[in-house]
Amino acid sequence: FLGCEAISWVVAHGAEYSTLPMSRDEAEGLLNLLMDGHVFHHVMHAYRLLDGYFLYRFMVSETKRVLNMSSAPALTEFGEDLLHPVQLSTDLLTTACRHYKDWLELANASHSDSRELICGDSFQSFADRTSALQLVDFRLLTELEDRLAFFVNLFNVLYIHAIFAVGTVYDMHVQTFT
């Protein structure tokens, strides 16, 4: 739906729920409260609700997806502890380091293409666990130390994942343009 159409609808139907008429600005504010409650979002997650030709969609009409293309897990798949951002990022980093150690051992032992490790069930399980990041409540990161720990852990997880996905600089053929 369009932002301007949603605001027009609220202005037109607001009188049914209130004795006072609602302005377009008030309707925009009300709809942004609904947006904060994750009822709907901008299609590119780029804007708050604006009175214009901006597209929005309801959250219930879509399945959550992540970069690794795994569906977001149900809250019950992970313990409540893991949903705290620092605990989840620490768990993901620990698992990524374990996979990196296995990757190094395989690469050193066989001198073959160690990318076969990423096709295994263990690594796929790790990749699926990253989808739990969608469920993290960032409001729990109230302390500076927590924010730093979360984002440093996440950076390191991404760095290790990049090594799995594209290899190291030494593994790649350097291409120059002349």
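Buried means under 20% relative accessible area, exposed over 50%, and partly exposed in between (1.4 Å probe, protein chains only). The model is predicted, so local features need pLDDT of at least 70 and side-chain atom pairs count only at pLDDT 80 or more, while totals for chains, interfaces and linings use all residues. Residues are numbered from 1 along each chain as its sequence is written, and side-chain values use heavy atoms, with hydrogens and water left out.

**Exercise 1.** Classify cysteine 4 and cysteine 97 as buried, partly exposed or exposed.

*Solution.* Cysteine 4 has a relative accessible area of 13%, so it is buried. Cysteine 97 has a relative accessible area of 38% and is therefore partly exposed.

**Exercise 2.** Determine how the buried residues of H2 are arranged around the axis.

*Solution.* The buried residues are Ala27, Glu28, Leu31, Asn32 and Met35. They cover an arc (of the directions from the helix axis to the C-beta atoms) of only 140°, so they lie on the same side of H2.

**Exercise 3.** State which residue is the nearest side chain of opposite charge to glutamate 28.

*Solution.* Lys and Arg count as positive and Asp and Glu as negative; His and the chain ends are not counted. For glutamate 28, that side chain is arginine 24, 7.2 Å away.

Key. Helix = DSSP H or I, 4+ residues; strand = E, 2+ residues; numbered from the N terminus. Salt bridge = Lys/Arg side-chain N within 4 Å of Asp/Glu carboxyl O.
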